[in-house]
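Subject: Two-chain model, handover and notes

Hello,

Here is the structure I said I would pass on. My notes follow below it.

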Amino acid sequence: MEKTEVRQIVLDIIADIALDEDVTGIDDDKALRDQLDLDSMDFLDIVMELKKQHKIEVPQEDYPQLASMSSCVEYLKPKFEAVQ
Amino acid sequence: MNTNGLPRIVITGVGLTAPNANNLRDFRKALLDGVSGLDHAEIRHMGKRVAGFCDFDETKHQSKKMRKRGTRAGAISVYCAHEALADAGLELVNLDTSRIGVYIGITEHGNVETENEIHELYQNDLNIEYWSHHHNPRTVANNAAGEISLNLKVTGPCYTIGAACAAGNMGLIEAVHMLRLGEIDQALAGGVSESPHTFGIFAAFAAQGALGHHEDPKLASRPLDKKRNGIAISEGGCLYTLERLDDALERGAKIYGEIAGFHINSDSTDFVLPNSSRQVQCMQAALKRAGLTPQDIDIVNLHATGTGQGDIQECKAVREIFDGHSEASINFTKGHIGHCMGAAGALELAGNLLSFEDNMVHPGLNLDEIDPDCALKNLVYGRPRDKKVKVILNNSFGMLGINSALIVRAY
């Protein structure tokens with residue numbers, strides 16, 4: 001699976017959570033929290049949607065991996081490939 | 001009026017959403033014009049049923065994200081709170097937000113959200129892994145008040161008051177206490193309900209033989225009528241801005257009315273059936289606290305839900321106090337909007353509040369042939385009645401035998 005595909009999936013999930021914000025201009029290397037109004041419940045929403053939509057489990061100790069878009073993609077790419 | 005030296009408390013703002021209006025003036029007009037807010041709706045597991053839904057703009061005062069995260073009760077509360085503050089001419093930037101309290105009467109809370117989660121659970125083959133982390137904050141009993149606190153960034157004491165369908169009055173009464181104790185300087189108080197978003201309440205009233213129905217949904221809620229057959233379940237909200245009289249006068253606030261008296265008591269009789277003797281005691285105690293007699297009351301707003309026994313028992317209680325002792329006009333609101341549960345008392349008071357200005361009594365809707373057991377002198381139905389109005393007594397009663405009577409007078 002290409003990184004761009006993983007990025008788009010994550011971006012779609014975030015767009016459905018940060019409903020009032022424009023997510024198209026996200027800087028992949030900056031923390032998501034520094035660019036969007038996201039709190040801990042929003043990150044749990046991301047985890048839940050990954051599980052619901054793609055059967056991907058993100059254990060609690062790995063939550064820091066979701067800090068930025070680039071870290072999300074790095075962390076999730078092998079997980080997506082594993083469930084394909 | 002006897003306040004035992006305690007501060008006098010006044011209403012300086014109203015924010016509401018009802019099945020037939022989204023602000024006080026429109027609500028008043030709808031009640032005077034006989035506009036129903038009831039319609040048929042598809043209820044999960046129940047099919048087409050009569051219900052009353054509000055159509056306010058949920059995102060007028062709340063972000064889309066927070067609306068999705070929160071509850072319908074929270075959305076109604078946030079809307080009403082903003083509208084009540086604006087109507088009072090208050091801006092949060094000029095207030096000490098740690099001195100603002102929120103007191104919301106609720107009939108129940110959490111059923112809607114729990115039903116939704118269980119519905120999802122069944123869609124997911126009972127896999128509990130998908131149960132939402134939002135479930136707890138959505139279902140805690142203080143949800144409606146907490147969502148206001150978060151939205152307005154108000155840090156004073158904000159909580160709900162569970163009191164079945166007597167709850168709307170109860171929110172205001174709690175605000176009076178807190179203002180008189182000096183715990184807060186402004187209160188946002190009243191009642192809220194999201195009840196028709198749960199099928200359980202429809203199913204339970206149906207099982208009780210008390211779910212209102214009619215082929216024309218606008219005729220389904222008909223308190224005191226011979227052909228009444230139960231409750232039309234509605235949502236809604238009404239929050240008041242309340243202040244101490246001196247504070248309101250100092251800032252030159254518009255004053256809708258003054259809380260003159262109130263009382264809360266309990267039947268200790270039955271899970272669902274009312275006790276008219278306790279209702280009498282409740283109204284009498286409210287009158288006594290207000291230093292008023294039945295002759296001083298211009299409008300009695302009945303709780304009148306449209307159930308067989310509920311209406312009879314309340315009419316018996318009101319007859320005992322007012323018939324032959326008062327020229328009070330008597331009306332009811334649920335014919336127009338159905339039973340807004342936790343919001344009912346607060347909304348129904350709001351429906352009469354502007355009678356202090358327009359000197360009319362709004363009629364009860366859908367009363368065509370009165371049940372002889374519900375006969376009351378000076379009942380207003382069919383069309384509005386012209387009358388100089390200075391004092392309103394507002395009744396709200398609830399299951400498990402909780403009664404509340406609130407008296408408001410023109411300032």
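This is a predicted model: local features need pLDDT of at least 70, side-chain atom pairs count only at pLDDT 80 or more; totals for chains, interfaces and linings use all residues.

Strand E4 (residues 100–106) of chain B runs parallel to E6(B), and 6 bridges join the two.

E8(B) in turn pairs with E1(B) in the antiparallel sense, over 8 bridges. Within that pairing, B:Thr17 has B:Gly237 of E8(B) as its bridge partner.

E1(B), residues 9–17, is mostly covered, with 9 of its 9 residues buried. E1(B) is also joined to strand E9 (residues 257–266) of chain B by 2 bridges, and these strands run antiparallel. In E9(B), B:Gly257 is the bridge partner of B:Ile11.

Chain B has an open sheet of 3 strands as well, in the order E2-E3-E7 and with mixed pairing. Strand E2 (38–43) and strand E7 (233–234) stand at its edges with a single partner strand each, so one side of each has no neighbour in the sheet. Strand E3 (residues 47–52) is joined to E7(B) by 2 bridges, and the two run parallel. B:Gly52 is bridged to B:Ser234 in E7(B).

Two residues in this part of chain B deserve a note. B:Glu42 belongs to strand E2. It counts as exposed because 9 other C-beta atoms lie within 10 Å, and the cut-off for exposed is 12 or fewer. Apart from its neighbours within four places in sequence, B:Glu42 is in contact with B:Gly47 and B:Lys48. B:Glu42 and B:Phe199 are 157 residues apart in sequence, yet their C-alpha atoms are 9.9 Å apart in space.

The other is B:His45, in the loop between E2 and E3 of chain B. Its phi is near 70°, a positive value in a residue other than glycine. B:His45 is exposed, with 10 other C-beta atoms within 10 Å.

Further along chain B, B:His325 sits in the loop between helix H11 (308–322) and strand E11 (329–331). With 13 other C-beta atoms within 10 Å, B:His325 is partly exposed. Leaving aside neighbours within four places in sequence, B:His325 is in contact with B:Pro294 and B:Gln295. B:His325 and B:Asn275 are 50 residues apart in sequence and 22 Å apart in space, C-alpha to C-alpha.

Now chain A. Two packed helices are described by the angle between their axes and the distance between the axes. For helix H1 (residues 3–17) and helix H3 (residues 40–54) of chain A, the angle is about 135° and the axes are 10 Å apart. That angle makes H1(A) oblique to H3(A). The crossing of H1(A) past H3(A) is right-handed. On the H1(A) side the contact involves A:Ile13, A:Ile14 and A:Ile17, and these meet A:Asp42, A:Asp45, A:Ile46 and A:Glu49 in H3(A). By class, the residues of this contact are 4 nonpolar, no polar and 3 charged.

A:Lys55 lies in the loop between H3 and helix H4 (69–83) of chain A. Phi of A:Lys55 is near 60°, again a positive value in a residue other than glycine. A:Lys55 counts as exposed, with 11 C-beta neighbours inside 10 Å.

Regards

Conventions: Residues are numbered from 1 along each chain as its sequence is written. Chains are lettered from A and ligands numbered from 1 in the order in which they are written. Two strands pair if DSSP finds at least two bridges between them. Helices (H or I, at least four residues) and strands (E, at least two) are DSSP runs, numbered from the N terminus. Axes are lines fitted to C-alpha atoms, for helices over the stretch in contact, and angles run from 0 to 180 degrees between N-to-C directions. Angles under 35 degrees count as roughly parallel, over 145 as roughly antiparallel, 65 to 115 as roughly perpendicular and the rest as oblique. A crossing is left-handed if the near helix is turned anticlockwise from the far one by less than a right angle, and right-handed if clockwise. Two residues are in contact if their C-beta atoms, placed from the backbone, lie within 7 Å. Ala, Val, Leu, Ile, Met, Phe, Trp, Tyr, Cys and Pro count as nonpolar, Asp, Glu, Lys and Arg as charged, and the others, Gly among them, as polar. A residue is buried if 20 or more other C-beta atoms lie within 10 Å of its own, exposed if 12 or fewer, and partly exposed in between; C-beta atoms are placed from the backbone.
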